[in-house]
Amino acid sequence: VSNTASTSAGGCVYQTGGTIARCVIAAGKANTDGGGVYKTAGTLDHVTVSQCSALSGGSGVYQTTAAGGAVKNSIVYENGILTGYSASDLVSTAGTVSHSCARELTDGTSGNTSKSPLFRNAGLLDLRLFSLSPCRGAAEDGTDMGAVPWEYDPDEPVEIVITVTTDGSCYPVTATYA
């Protein structure tokens with residue numbers, strides 16, 4: 001959390017191999033690419049990257065070179081928060097991205113989603129997921145994407161959707177909540 005690469009890429013992590021798993025990478029800053037992670041190889045697995053910024057591109061993750069590595073089961077969202085920095089969460093010029101969440105991804109392709117992960121409060125680095133998160137149960141192994149899985153919270157707001165269909169006539173409708 002809160003690392004800076006003032007003259008190079010990879011604000012928090014410069015990954016050239018290996019596996020980074022079940023980690024939160026947050027509030028990093030790079031004066032080139034990859035505010036959170038700059039990766040040329042290796043794997044990010046069940047990682048959450050948020051609140052990072054990079055001047056050039058990939059404020060969350062910048063994945064490059066022929067090897068590129070893999071980003072899987074991860075959430076790269078709500079990055080590029082500093083004025084004048086790249087608004088991109090994920091730039092991937094090589095490698096693979098699967099079962100992950102970032103604005104730049106195409107919904108449904110390789111199990112990816114571009115929908116908001118519904119963090120509780122990313123600005124305060126509360127990266128827990130709300131129960132309606134599209135990242136719940138969406139990792140390739142059936143668990144939650146990212147490093148911080150959803151867990152029951154009795155204070156979480158509940159969303160109730162009621163749809164009423166009529167034949168065009170007006171009838172009273174009564175709903176009771178318990």
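This report walks through the salt bridges of the structure above.

The model is predicted, so local features need pLDDT of at least 70 and side-chain atom pairs count only at pLDDT 80 or more, while totals for chains, interfaces and linings use all residues. Residues are numbered from 1 along each chain as its sequence is written, and side-chain values use heavy atoms, with hydrogens and water left out.

Side chains of opposite charge can pair when their charged atoms come close. Here a salt bridge means a side-chain nitrogen of Lys or Arg within 4 Å of a carboxyl oxygen of Asp or Glu. That rule gives six salt bridges, including these:

| Pair | N to O distance |
|---|---|
| Glu140 and Lys72 | 3.7 Å |
| Asp89 and Arg103 | 2.7 Å |
| Arg120 and Asp153 | 3.3 Å |

Let's start with Glu140 and Lys72, which meet in a salt bridge. Glu140 sits in the segment after strand E14 (126-129) and Lys72 in strand E9 (residues 70-72), so their pairing ties together parts 68 residues apart in sequence. Strands (E, at least two residues) are DSSP runs, numbered from the N terminus.

For accessibility, buried means under 20% relative accessible area, exposed over 50%, and partly exposed in between (1.4 Å probe, protein chains only). Glu140 is partly exposed at 44%, and Lys72 is partly exposed at 26%.

In the next pair, Asp89 is buried at 0%, whereas Arg103 is partly exposed at 39%.

Finally, Arg120 bridges to Asp153; Arg120 lies in strand E13 and Asp153 in the segment after E14, so the pair ties together parts 33 residues apart in sequence. Arg120 is buried at 16%, as is Asp153 at 17%. A network of salt bridges links Arg120, Asp126, Arg128 and Asp153.

Conventions
Helices (H or I, at least four residues) and strands (E, at least two) are DSSP runs, numbered from the N terminus.
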